[in-house]
Amino acid sequence: MIQISHLAKRYGHVTALGDVSFSIRPGEVLGLIGPNGSGKTTLFECLAGVLPADGGVVLRNGQPLPVHDRSSAFFYLPDGIAPWPQQKVRWVLEFAKGFFEGRPRGPAEAGHYVQTFDLEPLLDARIGELSKGQRKRVLLVLGLLTPAPVLLADEPFDGLDLKQTREIGAALRSFARDGRTLFLSIHQIGDAARFCDRFVLLSGGHVCGEGTLDEITRRAETVRHARTDNLEDAFLALT
Amino acid sequence: MRSRRSPFSWLLEKEARELFASRSWWVMLLVIGPLVGVSFISAVRTYAEASGLNGTAAGVGEAFSPLVGVWAPTFSACEIAAAFLLPFVAIRLVSGDRQSGALKLELQHPMTALARISAKALVLLGAWLAAIAAPLLAVVLWRAYGGSLYGPELWTILAGHILNAGLTVALAAATASLAEHPSTAAILTLTVTVGTWIVNFIAAVQGGVWDRIAAYTPTAMVAQFQHGLVRLDVVLIALTFVGAGLAIAATWMRLGVAIRRRASESFAVAALAGALVTACTFVTPSWDWSENRMNSFPEADEATLKQIHGPLRIEAHLAPEDPRRADLERRALSKLRRAMPRVQVDYVSATSIGLFEQTSAHYGEIWYELNGKRAMTRATTADSVLETIYDLAGVNPPPETDDVFRGHPLAVPPKGAAAVFYGIWPALVVAAAFFVRRRSV
């Protein structure tokens, strides 16, 4: 269990994250939902330790998890990056496995990721030549090859078509069943509702809801004083 | 499956691959060949013309030292490449990760920032060694022409250019790590480079403390190595700057650390480097690796000077831009400082060019003070300086010997050099770039 408590981040006078608290449970697919500028990316970067937070604490099983040790818990996949653009996909995946000292895996398991994310035809392409969706799939495999128990993926379905979104969403759920925890930032609420076990609603740098779909809709109903049976309505009611 | 390798070796491989993928490195390799070619061909031609006057005579032998006649100008191409090409290669390697977003991924490995920057520095060192193959080709050609080679001076000049490249890499890495954008880093790097030239210019005009500072600029450092002189203080100061630059680069690569903390750590590194540099200026050992001992008095004179223990004070009434002052410095005082540890030299002048001081009664005088005795001459040659010191010390000058460096004249044209540097080298670089980028990247 990972507990995020009172996490705060300011950019000058702008509060990007104000007193953010929630928890991440092992083996779950947790969705981070929020409008543009709500602080989703900032939250992920602060958790991964690639951006300094101004306050707050991250606890793992009740023990503080210092910034320099965050990589033992999290691996963060930023959105919109094209790392090592001149390198071929095949080498990038090998590098990820070797550099991040991934758990010893047979070629079958690595091959399974490649097959699941349909990367076989892309292995000899350069990262810089890939489309946004293709790059996204490569990055997801890269993240899965690292040993961190919690994968933080910023907009994992951005750039994917409907079929790919569904296939990859289903694959991610199966990896979660195998023990990997996934924390996904998703702005398409429909996608989030389809793939996530629980949700953290973020608006203006504040958590305005956390829980399963049932818990969130119930809370929304108390706010709206009206029946709320989907995540979109609940999100609008709570943010 | 590959055998288990350390994360550092993976990082090293990644940096090497990024270098191979970088156009700036291939452009540097491509350009350095013709640059070396121009310098080498022109130097060999001049050397041959001078040698064509049926050899040399004692006294002008220095002109026929391959170190000064061929290697200093040939390797000066490396100085140009280090100032104007290498920074872009280094900035590309450091900034590239930040620009592409790769840094955010790599930072999630618990490797120290110093290890990360070391991997980049090692690969850049390799990149520079590959570029230095061009002047080494000139060495091969020179041998083929029947030219004389003196290993120690060649190694010295090579070491000087590697150290100079180290300074460039450290500076470029620091600016690339500090700046958000590579173009800002390039501007900052070139600003520092031009700044050191301005220091040299001010030193030439103002003298004094500027002169002392200018002795440690990359240009001055390379000039010393190109004359076969290795000064321990200069080497230590250069290494301190390299270490400080890389440490600052490593500090600013840690995106997860608060900017205030990174800034205070950088100030601490700068303060420590400043203290080390100050301490290093008191280090005096130096070595003259030139074949003709151009930075030293004859051995017999050095032995005699070592017997003179009293502090020697020299007061020269010469303006910074007076050519006599440069003569005195180059021919005598720089050698004297190496031979006698207790020498204090003071320059006195009211103007920088000295033109309007010529009518002053004392202008041009050089006063020597040793053990309470004083003497004055206006001569700036090594012989006159030594003679005055021996007179003051009351020691007999050593007997003159015939052991004079007569040089290595070589009257041959730079045959084949144009084909090598303007044709074969660029063709090989283009072919290698095509092959390597296609195969390994």
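Me: Where in chain B is B:P414 found?
Reply: This is a predicted model. In it, B:P414 sits in the loop between α16 (382-393) and α17 (417-439) of chain B.

Me: Is B:P414 buried or exposed, and why?
Reply: Buried, because B:P414 has 22 C-beta neighbours inside 10 Å, and the cut-off for buried is 20 or more.

Me: Which residues is B:P414 in contact with, leaving aside neighbours within four places in sequence?
Reply: B:F40, B:I41, B:V44 and B:R45.

Me: And B:S42? How far apart are its C-alpha and that of B:P414?
Reply: 8.5 Å. Along the chain, B:P414 and B:S42 are 372 residues apart.

Me: Zoom out. How many helices and strands does chain B have?
Reply: Chain B has 17 helices and six strands. Its C-alpha trace spans about 80 × 55 × 45 Å along the principal axes. Of its 441 residues, 41% count as buried.

Me: What share of the contacts in chain B join residues at least 24 apart?
Reply: 79%, counting contacts between residues at least 6 apart in sequence.

Me: Now α8 of chain B. How many residues, and what reach?
Reply: Helix α8(B) covers residues 151-178, which is 28 residues. From first C-alpha to last it reaches 40 Å. That is close to the 40 Å expected at 1.5 Å a residue.

Me: How many of the residues of α8(B) are buried?
Reply: 21 of the 28, so α8(B) is largely enclosed by the rest of the structure.

Me: Sheets next. What is the strand order in the four-stranded sheet of chain B?
Reply: β4-β3-β5-β6, an open sheet with mixed pairing. The edges are β4 (343-347) and β6 (373-377) of chain B. Each has a single partner strand, so one side of each lacks a neighbour in the sheet. The twist from one strand to the next averages 15 degrees.

Me: How do β3 and β5 of chain B run, parallel or antiparallel?
Reply: Antiparallel. Five bridges join β3(B), residues 312-316, to β5(B), residues 366-370. Within that pair, B:A316 stands opposite B:I366.

Me: Which helix lies across β3, β4 and β5 of chain B?
Reply: Helix α15(B), residues 323-339. It runs at about 165 degrees to β4(B).

Me: Over to chain A. What order do the strands take in the six-stranded sheet?
Reply: β6-β7-β8-β3-β9-β10 of chain A. This sheet is open too, and its pairing is mixed. The edge strands are β6 (74-77) and β10 (206-211) of chain A, each pairing on one side only. Neighbouring strands are turned by 15 degrees against each other on average, ignoring direction.

Me: What about β7 and β8 of chain A, parallel or antiparallel?
Reply: Parallel. Five bridges join β7(A), residues 150-154, to β8(A), residues 181-185. A:D154 in that pairing faces A:S185.

Me: And β1 with β2 of chain A: how many bridges?
Reply: Seven, in the antiparallel sense. β1(A) is residues 2-11 and β2(A) is residues 14-24. A:K9 stands opposite A:L17 in β2(A).

Me: Which residue in that hairpin takes a positive phi?
Reply: A:G12, with phi near 60 degrees. The hairpin of β1(A) and β2(A) has two residues between the strands.

Me: Core packing. How many residues are in the largest nonpolar core?
Reply: 167. The residues with the most contacts inside it are A:V141, A:L152, B:A90 and B:A173. Helix α12 of chain B, residues 232-253, gives the most to this core, with 14 residues.

Me: What does A:L152 touch beyond four places in sequence?
Reply: A:F44, A:L47, A:A48, A:F74, A:F75, A:Y76, A:L77 and A:F183.

Me: Which residues does the second core include?
Reply: Among them, B:L312, B:A316, B:A332 and B:L336. That core is separate and has 17 residues.

Me: Last topic, the contact between chains. How many residues from each?
Reply: 24 from chain A and 24 from chain B. On the side of chain A that touches chain B, β6(A) and α2(A), residues 89-99, each supply at least two residues. The largest share comes from α2(A), with three residues.

Me: How does that side of chain A divide into nonpolar, polar and charged?
Reply: 17 nonpolar, six polar and one charged.

Terms used:
Residues are numbered from 1 along each chain as its sequence is written. Chains are lettered from A and ligands numbered from 1 in the order in which they are written. This is a predicted model: local features need pLDDT of at least 70, side-chain atom pairs count only at pLDDT 80 or more; totals for chains, interfaces and linings use all residues. Two strands pair if DSSP finds at least two bridges between them. Axes are lines fitted to C-alpha atoms, for helices over the stretch in contact, and angles run from 0 to 180 degrees between N-to-C directions. Two residues are in contact if their C-beta atoms, placed from the backbone, lie within 7 Å. Ala, Val, Leu, Ile, Met, Phe, Trp, Tyr, Cys and Pro count as nonpolar, Asp, Glu, Lys and Arg as charged, and the others, Gly among them, as polar. A residue is buried if 20 or more other C-beta atoms lie within 10 Å of its own, exposed if 12 or fewer, and partly exposed in between; C-beta atoms are placed from the backbone. A nonpolar core is a set of buried Ala, Val, Leu, Ile, Met, Phe, Trp, Tyr and Cys residues joined through C-beta atoms within 7 Å. The expected span of a helix is 1.5 Å times one less than its number of residues.
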